[in-house]
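Keep the picture open as you read.

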Amino acid sequence: MKKFFLLSLIPFLLSLFVGCGNQIETVPPLPGTLPSILTAPEKIDTDIYFDATVSMKGFTTLAADNVYITLPDLLGDLCGAAGEVKFYSFGEQIHELDGRSYRNFATPEVYNEAITAVANVVDRADTSHLSIIITDLFESDSDWSNVTQKLRDKFFANQFAVAVIGIKNSFHGEIFDIGLNAAHFNYNSADNPERYRPFYLLVMGRDDVVKNFLRKFNERQTLPNDTGYLLLSENLTETASDFSNFELDEVENFYSDDTLGLDNRVKEFGLDKFSEAASFILNWNYEPPLGSCPLDLSDFDTDIEIFSVENDEWTPLTKNDIRVSLLKDGRQSGNFLIKVTLTPEKSLTEGKLNFVRIKIMPKESGYKLPSWIEFWSVNVDGAAKNFDGSKTLNLTRILCSLKDSVFATSRPALMNINFVVTP
């Protein structure tokens, strides 16, 4: 009888395993989108736009510490290693340059445009390419709000990045539209680094491509000119901050599972007891990329979404007792411990497949511009006599507007904690 009972039990056990297999095969795709995978493409084409207005001429006239006159060759070499490079000049209109005529931008003669329209370049930019604009951040009619709007709609709203590289360079030439009377005057830095005037590279494209360009450009800088970097992106870390990089430290009432064979950015857990509190601790190393905004990590926001499978579809749940804490790990600089705690019966649906998405973001008050920007910025009220030619008019206001745009549009994230809890 015992043997007969065991034999009769086998088909029942097999049916359970087959049933579980069928359940796994019919799991619907996870809701929403996973954080992007930051891998640079094998090939990326680059479009480089030189501001040909008269205000840029002064960067070509002095030899001392002159990074600007080496820029055409540097960018051609640096970007040409990754794909096709096309050069353009612009004022009010945009002109494609033939052959190696772009090298003329190391000489004063080509700077004869009267109107600067960076906004037109943003309109023209191909988001599948890397786009680089070389300019002094002067925009005719002081219409940088229009430029910011276009960058927000075209790049930030579509999860692309925008970076700014500022470089102090020797300068002898005219500076225009200063003060209420739009005055202009001649400025000569001579060979004094404290009087050098900044020019800027606006770098726009895919997040990973922009970050890669910043690293390579920084490595190729050989002159001692002051250089500042600003990166505006929804990804606030150098490498992906998700389960593909997290180290699981401590687990309570959870156990690791891999039944579903999920993307490695999503962790799969099973539960020991549905009615008891469960938690896990992640060991996370914060690696800010070059040019990233300084962050206050003592306080942060969380966006938490919970779903369970109902009738082969993910259904949002409103109950939520999930708590997240972020603490510095004194054992290693830059290391943090992130603890996620929940009571399954208060947050999940029993007997169902559940998915939890947690996004950790800095607060707006803790998302600051790098300090170099304020030092390089000057505001002029009234007469142009208050203007300092070694600084950029309203630089802080311009770049703060860009920072606010990326924060409002795509809300930069420190990390994405995505996990599935199996029934």
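## Two helices crossing

Helices α2 and α5 cross in a right-handed way. Keep in mind that this is a predicted model. Two packed helices get described by the angle between their axes and how far apart those axes are. Here, α2 covers residues 71-80 and α5 covers residues 207-220, and their axes come within 11 Å and cross at roughly 130°.

Which residues in α2 and α5 meet? On the α2 side you'll find L71, L74, L75, D77, L78 and C79, and on the α5 side F213, K216, F217 and R220. Sorted by class, this contact has seven nonpolar residues, three charged ones and no polar ones.

## Aromatic rings in pairs

How many aromatic pairs does a search of the whole structure find? The search turns up 29. Take F59 and F171: their ring centres sit 4.8 Å apart with the planes at 75°, so this pair is edge-to-face. Are they buried or exposed? F59 is buried, at a relative accessible area of 0%, and F171 is buried at 0% too.

Now look at F87 and Y102. Their ring centres are 3.8 Å apart and their planes at 5°, so this pair is stacked. F87 belongs to strand β2 and Y102 to the loop between β3 and α3, so the pair ties together parts that are 15 residues apart in sequence. F87 is buried, with a relative accessible area of 6%, and Y102 is buried as well, with 8%. These residues also belong to a cluster linked by ring pairs, whose members include F50, F59, Y68, F87, Y102 and F171.

Most residues other than glycine have a negative phi. L137 isn't a glycine, yet its phi is positive, at about 65°. You can find L137 in the loop between β4 and α4, where L137 is buried with a relative accessible area of 4%.

N253 isn't a glycine either, and its phi is also positive, at about 65°. Look for N253 in the loop between β10 and β11. With 10% relative accessibility, N253 counts as buried, because the cut-off is under 20%.

Technical notes: Residues numbered from 1 in each chain as written. Predicted model: local features only at pLDDT ≥ 70, side-chain atom pairs only at ≥ 80, totals over all residues. Heavy atoms only, no water. Axes fitted to C-alpha atoms, helices over the stretch in contact; angles between N-to-C directions. Helix = DSSP H or I, 4+ residues; strand = E, 2+ residues; numbered from the N terminus. Left-handed = near helix turned anticlockwise from the far one by under 90°. Contact = heavy atoms within 4.5 Å. Nonpolar A, V, L, I, M, F, W, Y, C, P; charged D, E, K, R; others polar. Phe/Tyr/Trp six-rings, centres within 6.5 Å; stacked < 30°, edge-to-face > 60°. Buried < 20%, exposed > 50% of the residue type's maximum accessible area, 1.4 Å probe, protein only.
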